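Please walk me through this structure.

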Amino acid sequence: MKAMIIKELRLIGKDRRSFIFLLLMPIIFIVMFGSIFNQESGSSITLRAIDQDQSAASQALITQMKGIMDVKQLPADHVDDQLDKIKQGQFSAMLVIPSGFEQSMKSGKAANIKLYQDPAAQTETAPIQAILGSISTQYREQKLTGMLMANGDTKEQAAAALASPIHIENVSASSDHLNMIDQVVPGMTVMFVFFIMITMARRFFEEKKTGLLSRIRTTRIKPLHYLIGMWFPFVLTVIFQCIILFAFGHFVYDLKLGDIAALSAVVLSLSIAGTGIGLGLSFLVPGEGAAMVITQIISMGGAMLGGLWVPSYLLPQTVQTIGHFLPQYWAQHSLLDIIAHGAHLADIWSAALILLAFGLAGLAIALIRLPGFLRSAAN
Amino acid sequence: MVQVMTGAMASPATTTDNNGYMLEVNGLKKAYPKKQALEHVTFSLKPGTSFGFLGPNGAGKSTTMKILTGIVKADSGTAKLFGKDLNREPDAVSKFIGYVPQEITLYDKLSAYDNLQFFGEAYGVGGKELKQRIHDVLARTGLLDRSKDIVSTFSGGMKRRINIAAALLHRPKLLILDEPTVGIDPQSRNHIFEMIRELNREGVTIIYSTHYMEEVEALCDEVAIMDQGSIKAMGPLGQLLEQYGRNSIYLEVPGLTELPHDPDVTSFHKKGSGWLLETEDSAAVMQRLLRLASQHQWDVKQLEVVRPSLESVFLKVTGTALRD
């Protein structure tokens, strides 16, 4: 068996196609998704503003807003051009401070400001409206404080009178909502682990087609030793693949790996699951072509339903339920628990056992089909 | 009991049966879904024999060899090596057998050395002993200087040599070669022939399958002619030639369109630019032909006795010429 393992590891090491599928592709996907989501998370709300009043009060308002959001100030005579751009969908909102803004404030009248917005982009404009509402409330509080103090109240009494009867306390709680890198690195790792099945099926069919399997049968290697000797190197390969991909996530995207013992347990179970299913598949399908098609269905379908592309909680309830029958779901779920929610061995052992069960089921299929596979190789 | 001589390639002591045979094959039958591959194949080999299986593709040679190596199970019949049944005690006998399949069964992406290391370990040889044996077989194949090269960079002939070398690492007593020279250049073929002769001289029993007559004539001292799943004739090469072969006379005379009748000529046909006459009494026919040549003033370009060939034996026992 040792001879089989060494030989197979040498062959895997020289297989460029496997390197592309198992390491290069997932790294490209991680980089691609990583850059998209990093840009999104770093973006802030941008508001275009036109100050037609050009007063100290209008400038004070814009300065206050700049502290909260990205404000891009435009020349006063550009209102119509900017409105056209909103209509064309180039941006979603614009604030205009009309002439007489400061004068209205000083005279105690309502000082109007105009927020032009695209009704189709409410998701983007809602935060702007909320911020403007908050600023308006601050102005009102300042005005009321001034009135109360004019009536003889101290500053503290005025503040107490204006205090809200409801106090909102911020309590942080763990949820399914994740940093996208926490989702992408394990997601792509789990997805591409299952591509090992193509390499495995290709190797078994090559051995059969070239007559190598028949020749090996004339040596002292037993069929079971042959099977295990072919399987074990792929388990090691997947473990190596996971180490590289998680290390990449850690060093390039500062991914927190959590409890290493728990992570190792899941990676080991995942490698047994992926390669075990690959083993079963290799002995079930009639040829390499069928193995490639089924591998893609298992890998891509499992990735979609198992929550590897988007978090499970965003998927419809039916899809979430189907996901429970897939190894990808259990791998991703337990990896996210470790990476994002600080889970330990005690928290993920059941998911690891489920993954092992998938792998052992594949091994059982391979053992049942092995005699027939050997017979077909002989002819 | 006859103790087998242990030569340079021999492994632990083994015994033949009471008749002195190391391999006894009796009544092998094998049917595939659409074909009866073997029909009562029976033969025995004494140690040190170089035994040739001659027959066209599909004759049953490869199936017989696959049964002997345990790759295929026979439907009925037995095969015993050193008295041990190949089917019942495969582990006890497999260590004595080296098998060189018809296909080049090597790992193309690995070096010659890595391939040999794998097959050596697969046969249970390891450590320093394996290293030494790899060195020996590489020297034997003439590829010692290419040991670290990747097999895919080798020529067909070099691959064939490594293919044979992989079957020698455990020092088998019986080497089974299934058409080991298919598609190679004459130089590599000669190298392989020399290797096989040397192994045979060292005491290794050879079973050599081919559809090339000249290979059997060059390598084997015993021959079995196979066709359509059964052995049609078998025995020492000389005996087969004597039993089935006939002397022939080759006559080449420009412009001779018709041969005069001769009572001792059993058959004749055109061959090349002349005629081939089959006869039981070549001396008498030759004398009469010389007399005719003198009388008719033939311009004789060639007149010679042709020794019986395996080709004529094959034709005689199967009724057809050996086809590729």
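The questions below go from the contact between chains to single residues.

Reader: What should I know before I start?
Author: This is a predicted model, in which local features need pLDDT of at least 70 and side-chain atom pairs count only at pLDDT 80 or more, while totals for chains, interfaces and linings use all residues. Residues are numbered from 1 along each chain as its sequence is written, chains are lettered from A and ligands numbered from 1 in the order in which they are written, and side-chain values use heavy atoms, with hydrogens and water left out.

Reader: How many residues of chain B are in contact with chain A?
Author: Contact means heavy atoms within 4.5 Å. On the side of chain A, 23 residues take part. On the side of chain B, the number is 30.

Reader: What is the area buried between chain B and chain A?
Author: Buried area is the accessible area (1.4 Å probe) that two parts lose on being put together, summed over both. Carbon and sulfur atoms give 59% of it here. The total is about 2,400 Å².

Reader: Which residue of chain A forms a salt bridge with D91(B)?
Author: A salt bridge is a side-chain nitrogen of Lys or Arg within 4 Å of a carboxyl oxygen of Asp or Glu. Side chains of opposite charge can pair when their charged atoms come close. The rule finds two salt bridges across the interface of chain B and chain A. In the one with D91(B), the closest N and O atoms are 2.6 Å apart, and the partner is K222(A).

Reader: How many salt bridges are there over all chains?
Author: Some share partners: K7(A), E8(A), R203(A), E206(A) and E207(A) are joined into one network. Over all chains, the count comes to 23.

Reader: Where in chain B does the salt-bridge partner of E202(B) lie?
Author: E202(B) pairs with R140(B), at 3.0 Å between the closest N and O atoms. The two link distant parts of the chain, 62 residues apart.

Reader: Why does the salt bridge of R288(B) and D262(B) tie together separate parts?
Author: The side chains of R288(B) and D262(B) meet at 2.9 Å, N to O. R288(B) lies in helix α9 (residues 282-296) of chain B and D262(B) in the loop between β11 (247-252) and β12 (265-271), so the parts tied together are 26 residues apart in sequence.

Reader: Is D262(B) buried or exposed?
Author: Buried means under 20% relative accessible area, exposed over 50%, partly exposed in between (1.4 Å probe, protein chains only). R288(B), at 26%, counts as partly exposed. D262(B) has 11%, so the word for D262(B) is buried.

Reader: How far apart are the C-alpha centres of the two domains of chain B?
Author: Domain bounds come from an automatic or database domain assignment. For chain B it gives domain 1 (23-236) and domain 2 (246-307). Their C-alpha centres lie 43 Å apart.

Reader: What is the relative accessibility of S50(B)?
Author: S50(B) is in strand β3 (residues 50-54) of chain B. Beyond four places in sequence, S50(B) is in contact with residues including N200(B), I206(B) and L219(B). S50(B) counts as buried because its relative accessibility is 1%.

Reader: How far apart in space are T237(A) and I12(A)?
Author: T237(A) is in helix α11 (residues 223-253) of chain A. Among the residues T237(A) touches beyond four places in sequence are I12(A) and L22(A). T237(A) and I12(A) are 225 residues apart in sequence, yet C-alpha to C-alpha they are 8.1 Å apart.

Reader: What is the phi of E179(B)?
Author: Most residues other than glycine have a negative phi. E179(B) is in the loop between β7 (174-178) and α6 of chain B. E179(B) is a residue other than glycine with a positive phi, near 45°.

Definitions and conventions: Helix = DSSP H or I, 4+ residues; strand = E, 2+ residues; numbered from the N terminus.
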